[in-house]
Amino acid sequence: MCSHKLQPDLVLGQPVLGISLDLVERHRLKGLVLDVDETLVPIRESETTAEVQTWFATLQAQVPIWLVSNNLNEPRIRRIAESLSAPYITGAGKPSRRKLRRAAEAMQLPIEQIAMVGDRLFTDVLAGNRLGMFTILVEPMVTPMSQPGKYLVRSTEVWLSQILGVSLHSEP
């Protein structure tokens with residue numbers, strides 16, 4: 001695997017709520033594909049917060065947004081998507097590009113004008129880069145009481161990617 005496929009175009013350095021309309025416009029993005037688990041909601045949650053709903057509605061008023069999740073729990077992902085009035089795809093199998101391509105085709109936008117936004121390098125970023133999307137790595141959305149060590153997979157991904165030469169310095 002080429003390490004440049006793991007290199008996000010933008011390392012946000014904060015959770016997804018840090019994506020603003022200004023950031024979307026600055027990077028000339030016309031659409032967004034968002035991961036769900038740990039990107040929009042903690043993994044054990046099935047409801048979005050009022051803060052996420054307000055943020056999402058602000059962005060969605062300007063650009064189309066699709067939710068694309070590897071999660072196979074369709075009722076849970078549907079509940080989250082419905083709370084945001086967003087189209088969604090489950091069982092994406094990222095880093096496979098197939099379901100990302102389906103979301104992009106539904107938006108009827110050039111791939112390079114769509115951002116894949118997620119908290120994982122080896123699924124979200126890799127899938128988006130393989131398809132030619134702009135990729136944004138965000139910090140995981142976690143519950144305040146989550147146990148230390150729970151994010152071992154993500155930590156291992158970050159460690160491995162840095163060994164491969166990926167830079168994970170966030171944009172100022």
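Isoleucine 136 touches Leu10, Leu12, Ile19, Leu23, Leu29, Ala115, Met116, Val117 and Gly118, leaving aside residues up to four places away in sequence. The model is predicted.

**The nonpolar cores**
- The largest nonpolar core has 30 residues. Ile19, Leu67 and Ile136 touch the most other members.
- Several elements each supply at least two residues of this core: α1 (21-26), β2 (31-34), α2 (50-60), β3 (65-68), α3 (74-84), β5 (114-118) and β6 (134-137).
- A second, separate core has 14 residues. Among them are Leu100, Ala103, Met107 and Ala127.

- β5 is mostly covered, with 5 of its 5 residues buried.
- Both faces of β5 are covered. Ile114, Met116 and Gly118 lie on one side, and Ala115 and Val117 on the other.
- β2 and β5 run parallel, joined by 4 bridges. Here leucine 32 stands opposite alanine 115 in β5.
- β5 and β6 also run parallel, and 4 bridges join them. Here valine 117 stands opposite isoleucine 136 in β6.
- The chain leaves β5, passes through α5 and reaches β6. This β-α-β crossover is right-handed.

**Helix α5**
- α5 spans residues 121-131 and is mostly covered. Of its 11 residues, 10 are buried.
- The buried residues in α5 are Leu121, Phe122, Thr123, Asp124, Val125, Leu126, Ala127, Gly128, Asn129 and Leu131.
- Glycine 132 follows α5. Its phi is positive, near 95°.

How values were computed
Residues are numbered from 1 along each chain as its sequence is written. This is a predicted model: local features need pLDDT of at least 70, side-chain atom pairs count only at pLDDT 80 or more; totals for chains, interfaces and linings use all residues. Side-chain values use heavy atoms; hydrogens and water are left out. A nonpolar core is a set of buried Ala, Val, Leu, Ile, Met, Phe, Trp, Tyr and Cys residues joined through side-chain atoms within 4.5 Å. Buried means under 20% relative accessible area, exposed over 50%, partly exposed in between (1.4 Å probe, protein chains only). Contact means heavy atoms within 4.5 Å. Two strands pair if DSSP finds at least two bridges between them. A crossover is right-handed if, with the strands pointing away from the viewer, the path from the first strand over the helix to the second runs clockwise.
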